[in-house]
There are 2 protein chains.
Amino acid sequence: MADFLPTFADVVAAAARIGPHIVRTSVMRSAAFDARVGRQVFFKCENLQTGGAFKYRGAINTVLQLDPARTPLVVTHSSGNHGNALALAARARGMRAIVVVPRDSARSKIANIEAAGARIEFCEPGLAAREQKLKEVLARDPGEVVHPFDDARIIAGQGTAVLELLAEHSDLDVVSTPVGGGGLIGGSALAAKALSPRIRVVGAEPANADDAFRSLKTGTRCSVQVPDTIADGLRGSIGARNFELLRTLVDDVITVSEAQIVEAMRITLQDLKLLIEPSSAVAVAAALAGQLGKQGDRVGIVLSGGNVDLDQCPFLRGAAAPAM
Amino acid sequence: MADFLPTFADVVAAAARIGPHIVRTSVMRSAAFDARVGRQVFFKCENLQTGGAFKYRGAINTVLQLDPARTPLVVTHSSGNHGNALALAARARGMRAIVVVPRDSARSKIANIEAAGARIEFCEPGLAAREQKLKEVLARDPGEVVHPFDDARIIAGQGTAVLELLAEHSDLDVVSTPVGGGGLIGGSALAAKALSPRIRVVGAEPANADDAFRSLKTGTRCSVQVPDTIADGLRGSIGARNFELLRTLVDDVITVSEAQIVEAMRITLQDLKLLIEPSSAVAVAAALAGQLGKQGDRVGIVLSGGNVDLDQCPFLRGAAAPAM
């Protein structure tokens, strides 16, 4: 695998390439949150990134390396944020995009992909169904496949968020991100370990989709089939390149319950005034459980995205505005 | 009144005085929101200020001008955010604080005031009850009264938010803030008109608490008694100094319905991923109604605060985390 793995140099090159195209997102803090967890926590706000998630970093890093004249079409499968990001990135480069989307994806994410001008092809949940549908699409419409996470260009792009975080706060003890397919944790680990080998890199995952946790513990790449978690962005299983980076660079993976995820969303809204999606909340939940570093540590958390169906979230009940 | 009115020089002096003590809050944008309203909107995020509202600017500007040895106690009445801000500011200076709080204030705000170390004295809603209670408190505990809005030090402090906004985006066509007692709109108008007389300064107010609207239209200071609005920070009536600034410097006041306020909170959460309180949402609602400037204009809005009772907001229903 080694020749296909991205390196720290790829993350640095990605940062230079995408710099003019992305939002250099804020790093936020909350005294109330710090008091809750007994740590100094630095939140990298990728929920404020273009498209509402870190995924735009990897997507734009990839399409900027393609020639629109030779590659007019990009194709992918995505539970939402990667599809949206790729659609936005393709449009920015004058390319077309087709996105295969599982039917159980968040409605707001599907709407975003359509608004970004991509064509949507629905499939059943689960990796097998996604890949089958992708094959069918490619048979009709040949294009460049941009995998949501198992792609060196994507991983390098995602790593730029932690690169920025550490440029502003170089003395962190721990960096944590959610783990779905492993693009974000892989790129983050490349950035963090190269800049400071003593930083602990910790993934966070729903207990109901704990493939990365089991993969790290057993040393063998595990997968999950149609996991039942509110964290719709983390239902995929860890990719091959991503597992290599996980195995060699990531110190630990923490799992959290569905109830912890929802409570973490709520506390982030209350303390930081920020809306984050369930997939982002897993790392916040790990912090609230006291599982990121030790008392007094300086902890960086990537808030990976903010695309929530307001009327489907347990504490964000639909309710159109009342008639008053 | 003129000798008691703050000037632009007071706002500039306040900015220098409080600079090391406040958060220089971010200015955020949203392509989705811009598309909704056909304007370029710049949101000054005072919901991310110390204490969760712009009120800390005025409070810290005031206590920094007091000598703790001679003035060990500050006293005020407040529906929440000013009380919290004054408590935090007093604590930072080693002073005590007593806050008279109407019983119908948001629970989260009351909890914040207590957490900030102030003593709370409850009163009935309405200005008369507030002032009566304040007198009783002062009879027992003589201290410096720091009025929530009708005070030159407070007004000058509140004006620093728009001073910062215009330092970053000097070419705005419109600046809008909510209007309660008028501290924020007064200070903002001082800053905006001095920096660029062509900027329109527009207040926004609940139709159910439209004292500033009526005051501006009639040229006479009006008041409201126990107004029925979800915007708990805007239930007070405009102050004397504040009316002078409104009358001479503010171009217009827009009123919005309760339903518009709730919808504006919801859209801000969706587009900007930011939690704002109902009082903040009035200016956002005015923008959504197309009432701030004209198509294509550059509009600055002060998001005045983010202290919301998550379990009392119409679309943020309580619901503890579900058992999963």
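**Contacts, burial and domains**

Guide: This is a predicted model. A residue to begin with is I261(B), which, apart from its neighbours within four places in sequence, is in contact with P206(B), I230(B), A231(B), V256(B), P278(B), A281(B), V282(B) and A285(B).

Visitor: What makes two residues count as being in contact?

Guide: Their C-beta atoms, placed from the backbone, must lie within 7 Å.

Visitor: Which residues touch the most other members of the largest nonpolar core?

Guide: That core has 206 residues, and L86(A), I261(A), V282(A), L86(B), I261(B) and V282(B) touch the most other members.

Visitor: L86(B) belongs to which group of buried residues in α4(B)?

Guide: The buried residues of α4(B) are N81(B), H82(B), G83(B), N84(B), A85(B), L86(B), A87(B), L88(B), A89(B) and A90(B). A residue is called buried if 20 or more other C-beta atoms lie within 10 Å of its own.

Visitor: Why is α4(B) said to be largely enclosed by the rest of the structure?

Guide: Because 10 of its 12 residues are buried. These buried residues pack against α3 (55-63), β3 (73-77), β4 (96-102) and α5 (107-115) of chain B.

Visitor: How does the reach of α4 of chain B compare with the expected span?

Guide: Helix α4 covers residues 81-92 and reaches 16 Å from its first C-alpha to its last, close to the 16 Å expected at 1.5 Å a residue. Just after α4(B), G94(B) takes a positive phi of about 70 degrees.

Visitor: Why does G143(A) count as partly exposed?

Guide: G143(A) has 18 C-beta neighbours inside 10 Å. Buried needs 20 or more and exposed needs 12 or fewer, so a count in between is partly exposed. G143(A) lies in the loop between α6 (127-140) and β6 (144-145) of chain A.

Visitor: What does G143(A) touch, not counting residues up to four places away in sequence?

Guide: G143(A) touches L73(A), V74(A), V75(A), I98(A) and L138(A). The C-alpha atoms of G143(A) and T71(A), 72 residues apart along the chain, are separated by 6.9 Å.

Visitor: How is chain A divided into domains?

Guide: Domain 1 takes 2-53 + 152-308, and domain 2 takes 56-145. Their C-alpha centres lie 23 Å apart. The contact takes 27 residues from domain 1 of chain A and 23 residues from domain 2 of chain A.

Visitor: Which element gives the most to the side of domain 1 of chain A that touches domain 2 of chain A?

Guide: α7(A) does, with five residues. The residues of that side divide into nine nonpolar, 14 polar and four charged.

Key. Residues numbered from 1 in each chain as written. Chains lettered and ligands numbered in written order. Predicted model: local features only at pLDDT ≥ 70, side-chain atom pairs only at ≥ 80, totals over all residues. Helix = DSSP H or I, 4+ residues; strand = E, 2+ residues; numbered from the N terminus. Expected span 1.5 Å × (residues − 1). Core = buried A, V, L, I, M, F, W, Y, C linked by C-beta atoms within 7 Å. Domains from an automatic or database assignment. Nonpolar A, V, L, I, M, F, W, Y, C, P; charged D, E, K, R; others polar.
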